[in-house]
Amino acid sequence: MTHSPRPTVSTDRAAGVLLGLAAGDALGAGYEFGDPLPDDAPVGMIGGGGFGWAPGEWTDDTSMAVPIAQAAARGADLRDEAVLDEIVAAWITWARTAADVGVQTRAVLAEAERHGGTAAAARAAAQALHERTGRSAGNGSLMRTAPVAYLHDPVAATEAARAISSLTHWDDDAGDACVLWTLAIRHAILSGTPDARIGLPALPAARRERWAALLDDAEQRRPRDFARNGWVVEALQGAWSSIHGAVSAHRDAAALRDGLERAVRGGRDTDTVAAIAGGLLGAAFGASAVPSAWRRVLHGHPGLRAHDLVALGTLAARGGEPDDTGWPTGPRMDYLDWYPERSLTPHPHDPRVLLGSIVDLDETSADAVVSLCRIGTDQRRATDHVEVWLIDRDEPEANPNLDLVLRDTVDAIAALRADDKTVLLHCVAAQSRTPSVAALYAALHRGVPVEQALADVVAALPAADPKRFLREALTRITDQAARATTESPEAS
Ligand SMILES: [Mg+2]
């Protein structure tokens with residue numbers, strides 16, 4: 001196990017797996033069982049749907065993935081029978097009160113509970129159901145397979161994917177789909193590239209050609225064409241069709257949002273197809289590609305929020321160990337060598353945005369907080385708290401989605417201000433990230449020319465000294481925004 005002193009790109013991608021899954025799930029929740037939507041139909045975390053979800057609330061897909069992720073986050077081997085017992089026990093507990101347990105999963109878990117509630121009992125119930133009905137290839141094991149990808153060893157990941165699938169879904173199609181998708185997610189965490197074919201060699205030889213043809217088919221058709229997406233095969237095809245379309249349309253991490261919206265517009269089992277797509281998109285593009293507007297509202301069983309999913313993914317990728325600073329489980333990120341000064345200062349172009357350091361976080365009375373650095377679990381505020389993945393290091397791999405993240409962050413500040421909230425914007429020492437983001441906010445949302453905005457913010461903050469890569473990003477982003485306004489004036 002390698003220990004990196006700071007989050008790295010692969011940490012962002014590992015954190016993206018569960019966050020992406022949950023984002024797709026919660027995005028699709030309000031549209032489940034609906035007809036396909038037009039390509040330009042807006043899609044949002046609206047909640048509602050057949051089960052009356054709250055906006056941003058995830059459903060069974062994420063709830064069933066969480067116990068797998070929790071085991072992976074302890075560094076457990078997911079092939080271990082005792083670990084599988086714990087996962088089944090957690091599912092049985094969840095299914096007692098959950099409204100939306102899939103038909104096949106509910107039958108298997110109920111039968112397993114009558115026979116001791118172990119993994120062996122679940123497996124036997126899944127096999128019996130398959131032999132009795134000949135139909136056990138629902139999409140319910142594929143939707144939760146993403147956290148299996150954290151296993152470093154591809155052979156272990158293959159074995160675990162099939163083992164966890166067969167706890168509820170005995171059909172070969174379900175197991176094959178889980179192997180393909182798990183290996184694709186693992187590869188995406190390592191490489192940044194979504195490739196659904198990477199796992200084909202891990203399937204039994206006699207079934208590889210069929211799956212290769214199914215993936216080809218998915219690339220030539222649209223998500224809505226896979227209308228039988230309650231079946232694991234068409235669910236996987238719908239998810240891959242969404243990802244392929246989005247990646248072809250975008251050169252950057254904007255593909256994550258677009259891919260999830262495409263999956264939802266495909267209709268029918270929208271939350272599950274988008275959850276499946278989200279695991280792979282999150283692995284390829286990282287947690288930093290998930291819009292903060294979604295992260296703010298994302299929540300669900302068992303009482304978790306977006307930052308908890310980031311922590312689980314991070315720990316799983318690190319074999320259960322926090323990094324050298326204690327992140328993501330440590331109570332405080334105090335940056336032990338030194339203490340930054342208090343520097344709470346009103347933004348020169350919006351006095352209800354307060355600019356500060358991590359020390360200012362402790363005593364803030366702001367209604368909302370935007371953190372541009374890692375924080376400890378005790379430093380999280382009960383108020384609306386947006387945690388941003390922005391590393392103050394001039395290396396492209398440190399901030400793979402830099403422009404997207406900066407724009408998303410200033411849009412989040414503007415959204416909080418539109419809700420009439422006072423916002424604390426802070427990083428460690430208000431030196432580089434805070435003045436940069438504050439200046440971009442003034443440029444994009446308060447109509448201040450960016451050079452002027454930066455000069456005013458730097459003058460207001462005694463320690464300010466924004467790094468060059470951030471200054472360059474501000475110029476790039478504001479130039480691009482100006483061009484977009486010139487090209488389509490009504491869009492501004
Ligand atoms: Mg669901």
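Analyst: In this predicted model, the protein is divided into domain 1, residues 9–317, and domain 2, residues 345–491. Their C-alpha centres lie 33 Å apart, and the contact between them draws on 13 residues from domain 1 and 17 residues from domain 2.

The size of an interface is often given as the accessible area lost when the parts come together. For domain 1 and domain 2 the buried area is about 1300 Å², with carbon and sulfur atoms giving 55% of it.

Specific pairings also cross this boundary. Two salt bridges are found across the interface of domain 1 and domain 2. Arg296 forms a salt bridge with Asp384, and their closest N and O atoms are 2.9 Å apart. On the side of domain 1 that touches domain 2, the elements giving two or more residues are helix H1 (9–28) and helix H12 (292–297). By class, that side of domain 1 has six nonpolar, four polar and three charged residues.

The protein has 17 helices and seven strands. Its radius of gyration is 23 Å, close to the 23 Å that the globule rule gives for 492 residues, so the protein is as compact as a globular protein of that length. Along the principal axes, the C-alpha trace spans about 75 × 50 × 40 Å.

Side chains of opposite charge can pair when their charged atoms come close. The structure as a whole holds 32 salt bridges. One of the salt bridges joins the side chains of Arg79 and Glu159, at 2.8 Å from N to O. Arg79 is in the loop between helix H2 (60–73) and helix H3 (81–97), whereas Glu159 belongs to helix H6 (residues 154–165), so this pair ties together parts that are 80 residues apart in sequence.

Most residues other than glycine have a negative phi, and most peptide bonds are trans. A cis peptide bond, however, joins His301 and Pro302, with omega of about -5 degrees. Pro302 is placed in the loop between strand E1 (299–300) and strand E2 (304–305). The peptide bond from Trp327 to Pro328 is also cis, its omega being near 10 degrees. Pro328 lies in the loop that runs between helix H13 (306–317) and strand E3 (345–347).

Positive phi values are found at Asp420 and Ala430. Asp420, which is not a glycine, has a phi of about 65 degrees, and its place is in the loop between helix H14 (402–418) and strand E7 (423–426). For Ala430, likewise a residue other than glycine, phi is near 55 degrees. Ala430 lies in the loop between E7 and helix H15 (433–445).

Technical notes. Residues are numbered from 1 along each chain as its sequence is written. This is a predicted model: local features need pLDDT of at least 70, side-chain atom pairs count only at pLDDT 80 or more; totals for chains, interfaces and linings use all residues. Side-chain values use heavy atoms; hydrogens and water are left out. Domain bounds come from an automatic or database domain assignment. Contact means heavy atoms within 4.5 Å. Buried area is the accessible area (1.4 Å probe) that two parts lose on being put together, summed over both. A salt bridge is a side-chain nitrogen of Lys or Arg within 4 Å of a carboxyl oxygen of Asp or Glu. Helices (H or I, at least four residues) and strands (E, at least two) are DSSP runs, numbered from the N terminus. Ala, Val, Leu, Ile, Met, Phe, Trp, Tyr, Cys and Pro count as nonpolar, Asp, Glu, Lys and Arg as charged, and the others, Gly among them, as polar. The radius of gyration is taken over C-alpha atoms; the globule rule is 2.2 Å times the number of residues to the power 0.38.
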